[in-house]
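Dear colleague,

I am handing over a structure that you have not worked with before, and the notes below it set out what was found. Please read them with the structure open beside you.

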Amino acid sequence: MIFATPNHEHESECNCTIETVNNGVRENISRLLEGGKKVIYLHLLFTNQINPFLDSYRGDTYSPMNWVRIAGRHGRSLLFLRPEFEQLSLKTLSLETGYIEVSLVQKPENCLLHFNTTHVEDTLRDLLLSDFKPRKDGGSLSEHEFICNMHIRNDNSYAQFFYRCCHKRPDGKIVCQDLIYDYWIYVVFICVIIINVVAIMFTPFLIPDSFYREKYGNIKYEHELREKLKIRVTKISKTEIKFDSPSTIVLPIKQIRSMTSFHQFIEGLYVNKEHTYTLDKVVISVPYQRLIPANYVPVGIMKTFYTMFVNCDLRKSPTFFECCRGSIFGKLSELNNTDEKNKYCQTLLGSLS
């Protein structure tokens, strides 16, 4: 839908004008445009004056003090997204967006209250299209840049929100059109839906099994000793190992780091001094993969066949020991000697003749 709106000047019949409180607004907009911003959100407010859009306003404009300046297809595409697109995209889609708050003042004070809200909306639109410049200056907007604000209409008892975007022609006429979906927007949304479905269905396959499967962890078992066990522990340096007793076990400290309590005890010992350590409980840490499930039967025809022939446990049988240890070439291994090979060939040829 394309239509033209009446071009209201900033000065009305009762000499009502709108000016910016901060003179650097145009410079801020230019700075954002030079930085490659495709979407600039403009929030307007009247300083110490009454807002002509009262709280009881029930017109077809949604948030009449919020406007958007867009450029090209990128800017139009962002307006089709949900308002929370920044959070849903982890702010990746907001890289080329900017925000400006503009303070306005009415001269004379509260003079816009004498006009209806449609006239006020057109006045604010003309002000934005002129880059907050007075009179009929076209501002910096090109033919691919628009000033948009959100409207609302009744669609079979449902509220339909849409953006109305306008730009000013070189002759000063303002032309507006309702922002509607085009072919490429539908393609983008279809791709987004496909990506969401694929992510939900196949993302779990990207998570390593070790993060959530028990078979990659360890299970701890606690065994209470009937009688407390006393062991003697001596902490020594590596160069002082001189133990001849078969009951003495020498372990590097790094091998007992997984035994947290015992490792802390060893760390606090004095070197070359014997200490007695009392054990009343033993904690056994077993890898889950080494445990036999409750419903697993370790015997059976297929298990026996696999063990005997695939794992080749058959060779451990005394009956087949000599055969399994023998050469796979059999009698051919006895013909490695050249003379024996020649004799064998001559005998073979004589029998054939």
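Two strands are said to pair if DSSP finds at least two bridges between them, and strands (E, at least two residues) and helices (H or I, at least four) are DSSP runs numbered from the N terminus. This is a predicted model, in which local features need pLDDT of at least 70 and side-chain atom pairs count only at pLDDT 80 or more, while totals for chains, interfaces and linings use all residues. Residues are numbered from 1 along each chain as its sequence is written, and side-chain values use heavy atoms, with hydrogens and water left out.

The protein chain contains nine helices and ten strands. Of its 353 residues, 27% are buried (under 20% relative accessible area, with a 1.4 Å probe and protein chains only).

Strand S6 (residues 145-155) runs antiparallel to strand S4 (residues 66-71), to which four bridges join it, and within this pairing Ile-70 stands opposite Phe-146 of S6. S6 is also joined by nine bridges to strand S7 (residues 158-168), again in an antiparallel arrangement, where Cys-148 stands opposite Cys-165 of S7. Two residues lie between the strands in the hairpin of S6 and S7, and Asn-156 there takes a positive phi near 55°.

The unreviewed UniProt entry annotates residues 183-207 as "transmembrane region", although such annotations may be inferred rather than shown by experiment.

Conventions. Buried means under 20% relative accessible area, exposed over 50%, partly exposed in between (1.4 Å probe, protein chains only).
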